[in-house]
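Please open the structure in your viewer with the side chains displayed, and follow the selections below in the order in which they are given.

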Amino acid sequence: MRILGIDTAIPAASVALIEDGKLFAEEARSKALNRLHGKPPGNHAEVILPLIDSLFEKAGITVSQLSGIPVSIGPGSFTGLRIGLATAKGLAYESALPLVGVSTLHANAARVNHLDAVVGSMLDARKGEVFFALFRRSQNLLTRITCDAMMSIHSAIDLVQSNQGSPGSALILIGEGAQAHKRQLIDSLGSSAQISDGPCHPSVAAQVGMLAVERFVSGSGDDVGALTPVYLRLSEAESKRKNLR
């Protein structure tokens with residue numbers, strides 16, 4: 001089985017090829033990396049198809065050789081989610097492939113694959129808020145503690161403190177939301193809290209693919225037409241319309 005994982009919910013767009021349940025190859029690109037190399041920042045709409053083309057070239061395959069396409073469906077960037085889902089749906093329709101939607105927070109948490117810990121998956125929702133969920137990794141099994149939600153950074157810290165477990169137990173906070181609030185998290189949770197989002201972890205797309213493997217094996221894909229992004233918040237335009245009522 002060969003599946004193509006796609007993520008455009010976070011600033012670093014990524015794609016990954018999972019073959020027989022193992023990561024075969026991955027490609028990622030971020031606006032920060034473009035700036036570093038003196039290239040225009042671009043957006044996910046401009047980079048996602050070139051990333052896929054590069055991945056296929058590296059693997060020596062075409063889309064017709066895929067078994068399915070999993071895609072992160074949020075929460076995350078409104079525009080990024082729409083781009084990722086539209087790309088995945090286009091490929092699925094074109095090649096009659098099954099499609100599976102995966103929580104971005106779940107995939108982000110699954111990037112922590114090297115030790116047992118309470119894992120806080122945190123994406124930046126701006127305005128002092130984060131998209132957040134807690135998980136526990138034990139003996140290679142990642143289990144969910146809380147549902148995906150949007151909350152203030154203060155509420156996220158309270159949630160961590162009430163679910164951290166015994167003193168000294170490992171705590172890892174991962175995602176650009178954790179990076180954005182690093183100082184506040186360390187001040188509140190102590191130096192034992194690890195803030196992690198480095199290159200030592202697999203991409204979000206890789207974990208989107210890994211988390212979807214069992215669903216493809218069992219044939220429980222999502223309805224391609226009905227699958228929609230999970231935003232967890234109103235768009236700016238929707239918020240303004242609501243306030244005018």
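Select Phe-78 to begin: in this predicted model, the residue has a relative accessibility of 17%, and because the limit for buried is under 20%, Phe-78 counts as buried. How are the rings of Phe-78 and Tyr-231 arranged? Their centres lie 4.4 Å apart and their planes meet at 5 degrees, so with planes under 30 degrees apart counting as stacked, this pair is stacked. The count of aromatic pairs comes to 1. Colouring by element shows that the pair links distant parts of the chain, since Phe-78 sits in helix H3 while Tyr-231 belongs to the loop between helix H8 (204-218) and helix H9 (236-244), the two being 153 residues apart.

Next, turn to the largest nonpolar core, which has 28 residues, and select Leu-4, Ile-6 and Leu-66, the members that touch the most others. Two or more residues of this core come from each of strand S1 (2-7), strand S2 (13-19), helix H2 (44-59), strand S4 (69-72) and helix H3 (78-95), with H2 giving the most, 7 residues.

Keep Leu-66 selected and show its surroundings: beyond its neighbours within four places in sequence, Leu-66 is in contact with Arg-2, Ile-3, Leu-4, Leu-17, Phe-56, Ile-61 and Leu-97. Finally, apart from this core lies another one, of 23 residues, which can be located by selecting some of its members, including Ile-18, Phe-131, Phe-135 and Phe-216.

Terms used
Residues are numbered from 1 along each chain as its sequence is written. This is a predicted model: local features need pLDDT of at least 70, side-chain atom pairs count only at pLDDT 80 or more; totals for chains, interfaces and linings use all residues. Side-chain values use heavy atoms; hydrogens and water are left out. A nonpolar core is a set of buried Ala, Val, Leu, Ile, Met, Phe, Trp, Tyr and Cys residues joined through side-chain atoms within 4.5 Å. Buried means under 20% relative accessible area, exposed over 50%, partly exposed in between (1.4 Å probe, protein chains only). Helices (H or I, at least four residues) and strands (E, at least two) are DSSP runs, numbered from the N terminus. Contact means heavy atoms within 4.5 Å. Rings of Phe, Tyr and Trp (its six-membered ring) pair if their centres lie within 6.5 Å; planes under 30 degrees apart count as stacked, over 60 as edge-to-face and the rest as tilted.
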